[in-house]
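Biologist: I would like to learn how to read a model like this one. Please take me through it feature by feature.

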Amino acid sequence: MQIISIILSLILILTIIFHRTLHTIPNLLTANSSLAIFIYAFVVIIQIIVGLQSKDKGKEDLCIFLSYFTAIAIDVICYSYLVTAISQYFFNILYRRKYLLTFRIHWLIIIISWCISCFLPLFLYLSGALQYSSEMHMCTLKMSVQWALFIYMGAALGIPFFGIVGIYLYITRHIRRINTMTIAITTSLSTAKRDLHVLKNILTLIGILGTAGLPNIILVIWNAFSLDEAPVSLYLICVLTISFCTNIQISFIFVMNKNVKVVFWNHVQRILH
């Protein structure tokens with residue numbers, strides 16, 4: 001299932017890198033999200049291979065180590081959408097501050113988001129919240145460490161989600177104020193509506209991500225309030241749901257990026273002919 005994510009993310013990243021006309025800030029943000037999805041899919045495949053072969057403590061430790069990088073990739077995916085929303089805020093609200101519209105600032109925001117994403121899973125790793133499951137042949141969350149799980153989920157999922165929603169609502173109000181002004185700002189209105197469409201796409205992606213995280217929330221609640229341990233099938237549903245939603249996300253990103261899609265298909269047609 002992760003093969004689809006790897007192929008589409010590579011297509012997006014390589015197409016953007018090797019075509020100068022695609023070297024724009026929106027495509028930089030697209031490549032950032034695609035790279036995070038690629039890393040997630042790649043690490044999950046390695047984790048499954050290692051998990052199926054794990055018979056000793058050393059391989060179990062390796063599985064936990066790989067799970068740390070899986071968590072980093074998931075965090076980068078969430079925060080990459082927040083970075084894109086912040087970029088739209090710069091272009092719509094703070095557009096007079098030209099330095100905020102540069103590649104340098106966007107690279108800085110991306111680097112900060114990666115640093116945060118690398119730091120957050122330490123709550124899981126250092127608290128021992130990751131454990132190897134011999135039944136699933138994968139690493140799962142140890143639900144007994146409730147405080148670490150709630151801190152992690154709040155920071156990794158809650159902050160990006162509510163940040164994006166807040167920016168979306170603010171830009172929506174901004175566009176409504178523009179609608180009440182004179183016709184002289186038609187160009188600004190058109191640009192704002194276009195960027196609002198981008199934000200709606202981001203909300204769609206974060207909604208898909210939220211759907212992927214729903215089984216995990218159910219799992220946390222189950223283990224917090226139930227005396228019986230959650231069934232193995234629920235753990236499997238969590239893993240499969242995240243993998244399935246990741247495929248949907250990268251497919252959505254590819255379909256919605258018309259410029260990359262056109263360049264890629266033109267290149268394919270030249271090769272075939």
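Biologist: Is Leu-209 buried, partly exposed or exposed, and why?

Modeller: Start with the cut-offs: buried means under 20% relative accessible area, exposed over 50%, and partly exposed in between, with a 1.4 Å probe and protein chains only. Leu-209 has 13% relative accessibility, so Leu-209 counts as buried. Before we go on, note the ground rules. This is a predicted model, where local features need pLDDT of at least 70, side-chain atom pairs count only at pLDDT 80 or more, and totals for chains, interfaces and linings use all residues. Residues are numbered from 1 along each chain as its sequence is written, and side-chain values use heavy atoms, with hydrogens and water left out.

Biologist: Where is Leu-209 placed, and which residues is Leu-209 in contact with?

Modeller: Contact means heavy atoms within 4.5 Å. Helices are DSSP runs of H or I with at least four residues, strands are runs of E with at least two, and both are numbered from the N terminus. Leu-209 sits in helix α7. Setting aside neighbours within four places in sequence, Leu-209 is in contact with Ile-77, Cys-78 and Gln-249. Its C-alpha atom is 9.6 Å from that of Thr-241, 32 residues apart along the chain.

Biologist: What about Gly-210: why does Gly-210 count as it does?

Modeller: Gly-210 is also read by accessibility. Its value is 40%, so Gly-210 counts as partly exposed. Gly-210 lies in helix α7. The C-alpha atoms of Gly-210 and Cys-245 are separated by 9.3 Å, at 35 residues apart along the chain.

Biologist: Gln-249 was one of the contacts of Leu-209. Is Gln-249 buried or exposed?

Modeller: Gln-249 counts as buried, because its relative accessibility is 0%. Gln-249 is found in helix α8. Leaving out neighbours within four places in sequence, Gln-249 is in contact with Ile-37, Ile-77, Tyr-81, Leu-205, Ile-208 and Leu-209.

Biologist: How do I read the overall fold? How many helices and strands does the chain have?

Modeller: Count the elements, then read their order. The chain has nine helices and two strands. Along the sequence the pattern is α-α-α-α-α-β-β-α-α-α-α. Of the 273 residues, 48% are buried. Take contacts between residues at least 6 apart in sequence: 73% of these join residues at least 24 apart.

Biologist: Which residues touch the most other members of the largest nonpolar core?

Modeller: A nonpolar core is a set of buried Ala, Val, Leu, Ile, Met, Phe, Trp, Tyr and Cys residues joined through side-chain atoms within 4.5 Å. The largest one holds 61 residues, and Ile-77, Tyr-81, Phe-90, Tyr-152 and Ile-164 touch the most other members. Elements giving two or more residues to this core include α1 (2-18), α3 (57-92), α6 (146-179) and α7 (186-225). α3 gives the most, with 14 residues. Phe-90 touches Tyr-95, Leu-100, Leu-101, Ile-105 and Ile-109, not counting residues up to four places away in sequence.

Biologist: Take two further helices. Where is Ile-72, and where is Trp-114?

Modeller: Ile-72 is in helix α3. At 7% relative accessibility, Ile-72 counts as buried. Beyond four places in sequence, Ile-72 touches Ser-117, Cys-118 and Pro-121. Ile-72 and Ala-156 are 84 residues apart in sequence, yet 9.4 Å apart from C-alpha to C-alpha.

Modeller: Trp-114 is in helix α4. Trp-114 counts as partly exposed, because its relative accessibility is 22%. Leaving aside neighbours within four places in sequence, Trp-114 is in contact with Asn-32, Leu-35, Ile-39 and Val-76.

Biologist: What does UniProt list as "transmembrane region"?

Modeller: Treat such annotations with care: they may be inferred rather than shown by experiment, feature names are shortened, and positions follow the numbering used here. The unreviewed UniProt entry lists residues 6-22, 34-52, 64-84, 105-127, 147-171, 202-222 and 234-255. In the model, residues 6-22 are 76% helix and 0% strand, with end C-alpha atoms 20 Å apart. For residues 105-127, the span is 87% helix and 0% strand, and the end C-alpha atoms lie 34 Å apart.
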